[in-house]
Amino acid sequence: MRQSQLFTKTLKEVPSDEEAKNAILLIRAGYIHKEMAGVYQLLPLGLRVVEKIKQIVREEMNAIGTQEMIATNLQRKELWERTGRWSDQVVDVWFKSTLKTGAEVGFAWSHEEPLADMMKNHISSYKDLPVYIYQFQNKLRNELRAKSGMMRGREFIMKDAYSFCRSEEDHTAYYEACKEAYLRSFERMGVGEDTYVTFADGGAFTQYSHEFQTVCDAGEDLCYINREKKIAINEEVFSAEACKELGVIPEEMEKVKTAEVGNIFNFGRQKAEDVGLFYDEENGDKTAVWMGSYGIGITRMMGVLVEKFADEKGIVWPESVSPYKVHLVGLQTDDAQIRDWVDGIYTAFQRRGVEVLYDDRYLRPGQKFADADLLGVPYRIVASKKTKEEGRFEVVHRASGDVQYLSEEELYTTFAGT
RNA sequence: CGGGGUGUAGCAUAAUGGUAGUGUACGCGGUUUGGGACCGUGUGGCCCGGGUUCGAUUCCCGGCAUCCCGACCA
């Protein structure tokens, strides 16, 4: 992508209506646009990051046999009434509207009910089980108070998966596989070290549920963690008994702020019973399906990554989610000879399939470097008149600041990657 | 939903009971060119409604928006 063609502009000033570091940097760098409190448009750069995060999660979900689909945002009132969750007293984040016909509809804050109900069309026998589905979808939640930028919005992208099993054993096997898939996903996004499978309140169905909490100062949750044993307990269920059960000593637990990036739930057979999702056993018995649900906050993850890795100059993306792999910064490109030469390097990168953002603008170097730092692409490659004469390219690693000098050929072998 | 703060140009800000100044961004001309350079010039603005007043961007009331703290987050 030629930066001169990118319609987004960077901002030197900090927006006055944002306090959260993630929102400030993402807005300043032109990744997102604030539409209203807790609602952000994804601009071209932001979309690329979101797609990168999604792709990692997609690969891991596919790998454990989960099938991707997309559910609708409009939902039936009748369905939620059946499970007692239409009422605003029970679920206080509903957005609701009315069709021209007069029928009330809800906007998706979760997809548990509709997808469980939908499965009645596809699951009727034990032979049809198990089924694992997932989607990336916008969730709409009428939060009383949006805050922390991308971390807690009213409209956000979530990956939600649902499992439909015959037995508890089958369910547990998938549940564990999903747990591993999540850990691999977070590892790939660069926060494996700091992300904990956390014991949290299990709600109505089980004693504990599992959350995936990433240590992050901007997070809203408090957890007690044990770094060696890699065990974390949410403050809400932290107790002497809980510690004993998990084999840790309360005094050895470190209290940290965390952001919930994922959550997995075991519903048992209750959910299917409420919705009316039954299958025939071999002997003809009607049995409720054993269900589970599994979420990852995609856009929240984007915010968490900014919060965790950004420095005073701007965003620092983990390579796996960066909108581009290299940022080719051309200097003296107003000189036609230099420009043609740098254009050639840009084209060569593209031909080799390297995701490259090319700063071809006629600006002063300082401005281009400042923008590059703000955007946070992992490698900045400068191509200038001097580079052309000396035949070696300055390559700066955004995260560490390490500088190396490579020949043109080395550039391609290094970044074309295998 | 309770408490507090703030609404002036794309963004950030200043002053003011008599229609508003600056920075940045943007347009034009010029000097610059390895860390957000500079000179000249130009475009562009008081959240909405009501009240007080000869006159309100300014004061008062209400609304809306937004931020923060708390509550909430099955």
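**Figure 1. Chain A at a glance: 12 helices and 21 strands.** Helices (H or I, at least four residues) and strands (E, at least two) are DSSP runs, numbered from the N terminus. What you see here is a predicted model, in which local features need pLDDT of at least 70, side-chain atom pairs count only at pLDDT 80 or more, and totals for chains, interfaces and linings use all residues. Residues are numbered from 1 along each chain as its sequence is written, while chains are lettered from A and ligands numbered from 1 in the order in which they are written. The C-alpha trace of chain A spans about 80 × 60 × 45 Å along its principal axes. Of its 418 residues, 40% count as buried (20 or more other C-beta atoms within 10 Å of the residue's own, with C-beta atoms placed from the backbone).

**Figure 2. The two domains of chain A.** Domain 1 covers 13-73 + 108-309, and domain 2 covers 326-416; these bounds come from an automatic or database domain assignment. Taken over C-alpha atoms, the centres of domain 1 and domain 2 are 38 Å apart.

**Figure 3. An open sheet of 5 strands.** Follow the strands in the order β18-β17-β19-β20-β21, and you will find mixed pairing (two strands pair if DSSP finds at least two bridges between them). At the edges lie β18 (356-359) and β21 (403-406), each pairing on one side only. On average, neighbouring strands of this sheet are turned by 25° against each other, direction ignored. Axes are lines fitted to C-alpha atoms, for helices over the stretch in contact, and angles run from 0 to 180 degrees between N-to-C directions.

Figure 4. Look for V395, whose bridge partner in β21 is Q404. Contact is counted if the C-beta atoms of two residues, placed from the backbone, lie within 7 Å.

**Figure 5. Helix α2 packed with helix α5.** Helix α2 (residues 44-63) and helix α5 (residues 168-188) pack at an angle of about 155°, their axes 9 Å apart. That makes α2 roughly antiparallel to α5 (the word used for angles over 145 degrees). I56, V57, E60, M61 and A63 in α2 meet A181, R184, S185 and R188 in α5.

Terms used: A residue is buried if 20 or more other C-beta atoms lie within 10 Å of its own, exposed if 12 or fewer, and partly exposed in between; C-beta atoms are placed from the backbone. Angles under 35 degrees count as roughly parallel, over 145 as roughly antiparallel, 65 to 115 as roughly perpendicular and the rest as oblique.
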